[in-house]
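This report describes selected features of one protein model.

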Amino acid sequence: MNKGALTADYIMEDPREAMRLELKVDPRAWVQKYLAGRLRGGAEVLSVGCGPGVILKEACALDVSIRATGLDISYERVQEAKEKNRGNARATFLRGDAQAMDFRSDSFDLVYSRMLLEYLKDKEGAVREMARVCKRGGTVLLQDLDGQLLWHYPEDPVVQSTVERVVGALSATGFDPFVGRKLFSLAHRAGLKNIDVQVECYHLIAGEIEPEILKQWELKLEIAGPQLAHLLGSEIEARQQSRRFLEYLRRPDTLTYSTVFTVAGEKS
């Protein structure tokens, strides 16, 4: 596929994005917690929005007969995933749109997405597509955030106003910070049965932020810088507001948190 054949709305596109994504997850622990109990030998697995492919690499490691396919809208993420899975003939990575996947129906035993739907315009269409390509009796697993960026106490009025302004503007791209609570409904409307729902704390910063977590936030804000400058009107304003947010996270009296929903259903 030609690199320019797809138009990506991913608001965090940057050469450092793969590194940022890797810092945010322990792939082996995530696979053991959410996938291992749902995978059997010989399974065909599809990761929708696979990023740099580190989770699929661990999924393949569960059994030598598991075959995996990763799909991502980003040409750069697909290339990075291929590099990280070099030598693994059981893993394939393709560029494509989660909202219109070029796979036959009933192709995969397990289809999952992680932190993807929050960015998509047609969330319902994407989940329908995941259900379509899943085999009957197979599992579709959706995981995404709820309350990302928005829940803080005590609130700094300037920080809160800026965050709400940015999130409101990003809604035009499809970004939804409250998509987590909607996953059950999306799974139900896609026709999935026996739907299991888990809710856990995701971000939790109580008091002064730890140095390693602070670095992750600094990187995230750097990568988001061009988007923030566009939404806030200037690079200077974007830098000022980013600094104020980081200062808020360094305070000993503040709390920031969000939740993560994991929803898994069976295709009947």
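## Basis

F184 is partly exposed, with a relative accessible area of 41% (buried is under 20%, exposed over 50%, partly exposed in between; 1.4 Å probe, protein chains only). The model is predicted: local features need pLDDT of at least 70, side-chain atom pairs count only at pLDDT 80 or more, and totals for chains, interfaces and linings use all residues. Residues are numbered from 1 along each chain as its sequence is written, and side-chain values use heavy atoms, with hydrogens and water left out.

## Surface patch

F184 lies in helix α7, residues 183-189 (helices are DSSP runs of H or I, at least four residues; strands are runs of E, at least two; both are numbered from the N terminus). With V197 and V199, F184 makes a nonpolar surface patch of about 250 Å². Patch residues have over 30% relative accessible area and no salt bridge, with nonpolar side chains (Val, Leu, Ile, Met, Phe, Trp, Tyr) joined within 5 Å and like charges within 9 Å. A salt bridge is a side-chain nitrogen of Lys or Arg within 4 Å of a carboxyl oxygen of Asp or Glu. Areas come from the Shrake-Rupley method with a 1.4 Å probe, and for residues only the protein chains shown count as cover.

## Helix α5

E129 is in helix α5, residues 123-133. E129 counts as buried, at 13% relative accessibility. The C-alpha atoms of E129 and F103 are 9.3 Å apart in space, while the two residues are 26 apart in sequence.
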